[in-house]
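Dear colleague,

Please find the structure below, handed over for your review. My notes on it follow directly after.

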Amino acid sequence: MPQFESHFFSSLIFWEVVSFAILFFVLYKFAFPGILGMLEEREKKIKDSLDQAEHHRSEAERKLKEYEAKLNMAAKEADGILAAAKERAQRLMEENEQRMTTEAERIKGDATREIDHERRKAIQDIRAQTTELALMVAEKVVQRSLNEADHRKFADEALEALSKSYQR
Amino acid sequence: MEESPLHPFELHDWIPISLGGLDISINKAVVMMWVVVSLVTVLMVMAGSARKLVPGKLQSLAEMMVDFIRSMIMDTMGKEGMRFFPLIATLFLFILFCNLIGMIPGSYTVTSQIIVTAVFSFLVYGLSLVMGFMLHGVKYLGVLVPPGTPGWLVPLMIPIEIMSQVARPISLAVRLFANMTAGHVLLGVLFGMAISGGLLIGWLPFAFTIAINGLEVGIAFIQAYIFTMLTCVYLGDAFHLHGDDGHAH
């Protein structure tokens, strides 16, 4: 095999060592620090960004909880206010109703009483007029005058009978 | 006469140079090494000086490779292994680009030279030995006795472990060399068949050539990866004798 020709060994070894040494030196000096530094910088940057994102996330979560709690509180408060208002409205309504009922009762009572009074008065009027009418009729019929007391007595009797028959 | 499939591995002195009796003539493989060094230098130095938070294509590519090697070191050796990052990364890039450049027809696969892979593997293994003795002193010889070995087995274990230690650099060198050589020999043979087969039957080996070419690109990556990975493992072994601090390699 040509690879075992020892004639080339010395030059291959020499140039390999020299080439490798040069490459090593150049990379060691000019390439690796930059690339490794860049990699580390990027890793750090990514890590920082992730940390920051995590921080923001937890912050946002905290804020959200806070707002939720506040919202809950507000909702509760609103519920309370609504309930109070409802209760108040209910009470007012009941009060009003009661007052109205009382008022109506009073008006009805008044009216009943007035009607009763008017009715009685009307009956009395009718009674008086009827008596007079009866007297006049009786006078014409009997053609003789009775004294006032007799008249009244007859009339009352007639009226009594009349009202009895009427009531029946 | 048909061309030998080993022909692409032949070298010829292009510019004969001698340094104090040492023959350091320039040949195709040497030139390819220079090409690799230039390519890697341009790619990595440009990427290293771009330093954009949102990287471009070139920077992405370089960063991907660097990150790949870094995570490999982290996984096998832990944080203190990053001391070796420049060496291991250079090794990976050099081998990877040698493997890939060899895929270009007419070029030369430097890593198909056993002496080239041997230099790397002995460099790596030598470094692991030096590190081991520097960190653990004579106790590093304990690597020859795996933990939990019963006393009466020790005389047997020591020769076995010595063999396994010796096998490390050899297998490291031979694996890379053999993979690179075999792939190119296979391609050469298939292509030779395609040429000599003519249109009637030659299309079949030619189709295979294309398929195997794709496979070879994968192998170029995989072998560079394996070489680097084993480097990490061997150096890691020197660090953590018997995996005593949680890094079991």
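Helix 1 of chain A and helix 2 of chain B pack with their axes 10 Å apart and at an angle of about 85 degrees. Here helices (H or I, at least four residues) and strands (E, at least two) are DSSP runs numbered from the N terminus, while axes are lines fitted to C-alpha atoms, for helices over the stretch in contact, with angles from 0 to 180 degrees between N-to-C directions. The two helices are therefore roughly perpendicular to each other; angles of 65 to 115 degrees count as such, those under 35 as roughly parallel, those over 145 as roughly antiparallel and the rest as oblique. On the side of chain A, the residues in this contact are A:I35, A:L36, A:M38 and A:L39, which meet B:A62, B:E63, B:V66 and B:D67 of chain B. Two residues are in contact if their C-beta atoms, placed from the backbone, lie within 7 Å. Ala, Val, Leu, Ile, Met, Phe, Trp, Tyr, Cys and Pro count as nonpolar, Asp, Glu, Lys and Arg as charged, and the others, Gly among them, as polar.

Please note that this is a predicted model, in which local features need pLDDT of at least 70 and side-chain atom pairs count only at pLDDT 80 or more, whereas totals for chains, interfaces and linings use all residues. Residues are numbered from 1 along each chain as its sequence is written, and chains are lettered from A and ligands numbered from 1 in the order in which they are written.

The contact between the chains takes 32 residues from chain A and 40 residues from chain B. On chain B, strand 2 (22–23), helix 1 (28–50), helix 2, helix 3 (85–101) and helix 4 (114–136) each supply at least two residues of the side that touches chain A. Helix 1 of chain B gives the most, with 12 residues. The side of chain B that touches chain A comprises 26 nonpolar, 9 polar and 5 charged residues.

Turning to chain B itself, it holds 5 helices and 2 strands, and from the N terminus on the elements run β-β-α-α-α-α-α. The C-alpha trace of chain B spans about 65 × 50 × 45 Å along its principal axes. Of its 249 residues, 35% count as buried, that is, with 20 or more other C-beta atoms within 10 Å of their own, against 12 or fewer for exposed and a count in between for partly exposed, C-beta atoms being placed from the backbone. Among contacts in chain B with a separation of 6 or more, 62% join residues 24 or more positions apart.

Helix 5 (residues 154–239) of chain B packs against two other helices described here. Helix 2 (residues 57–77) of chain B lies at an angle of about 35 degrees to helix 5 of chain B, with the axes 9 Å apart. Their crossing is right-handed (the near helix is turned clockwise from the far one by less than a right angle; anticlockwise makes a crossing left-handed). This contact has 9 nonpolar, 3 polar and no charged residues.

Helix 4 of chain B and helix 5 of chain B have axes 6 Å apart at an angle of about 15 degrees, which makes helix 4 of chain B roughly parallel to helix 5 of chain B. This crossing is left-handed. The contact has 17 nonpolar, 5 polar and 2 charged residues.

The largest nonpolar core has 59 residues, of which B:F92 and B:F94 touch the most other members; such a core is a set of buried Ala, Val, Leu, Ile, Met, Phe, Trp, Tyr and Cys residues joined through C-beta atoms within 7 Å. Helix 5 of chain B supplies the largest share, 14 residues. Not counting residues up to four places away in sequence, B:F94 touches A:F20, A:L23, B:V36 and B:V40.

B:F68 counts as partly exposed because 14 C-beta neighbours lie inside 10 Å, and its C-alpha atom is 9.7 Å from that of B:Y225, 157 residues apart along the chain. B:D75 is likewise partly exposed, with 14 other C-beta atoms within 10 Å. B:D75 and B:P5, 70 residues apart in sequence, are 40 Å apart in space, C-alpha to C-alpha.

With kind regards
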